[in-house]
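Hello,

Here is the structure for you to look through. My notes follow below.

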Amino acid sequence: MGEDFVRNSGLPYTIIRLTDGPYTSYDLNTLLKATAGDKLVGEVSRLVVAEACIQALDIDFTQGQIYEINSVPGDGPGSDTEKWKEIFKAAQLQ
């Protein structure tokens, strides 16, 4: 219901859904997927979620989109805006 309210508010938005699982502070590579419902299961670092939110604020094409966020082992995008753009764009194509 909260997402519906935000989508129908007329305000600009980007929704980032967290996966259903235990959250760790281990820095993992982020994998984003655009979906219509909570389908992604796994863990995600709170630091990665925070960085995803910050990056989404500055990437115009994320506006009006919904992403689910999950982590996989490896080198993540960190604070590299170009890498985040690639990840968000790839998620839109799925």
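Which exposed residues does the face of α2 turned away from its buried side carry? They are R46, L47, L57 and D58. Exposed means over 50% relative accessible area, buried under 20%, and partly exposed in between (1.4 Å probe, protein chains only). Helices (H or I, at least four residues) and strands (E, at least two) are DSSP runs, numbered from the N terminus.

This is a predicted model: local features need pLDDT of at least 70, side-chain atom pairs count only at pLDDT 80 or more, and totals for chains, interfaces and linings use all residues. Residues are numbered from 1 along each chain as its sequence is written, and side-chain values use heavy atoms, with hydrogens and water left out.

Helix α2 has 13 residues and reaches 19 Å from its first C-alpha to its last. That is close to the expected 18 Å, which is 1.5 Å times one less than the number of residues. Its buried residues are V48, V49, E51, A52, Q55 and A56. Seen down the axis of α2, these fall within an arc of 165°, so they line one face of the helix. The arc is that of the directions from the helix axis to the C-beta atoms.

Q55 in α2 has a relative accessible area of 6%. Leaving aside neighbours within four places in sequence, Q55 is in contact (heavy atoms within 4.5 Å) with S79, T81, W84 and F88.

Regards
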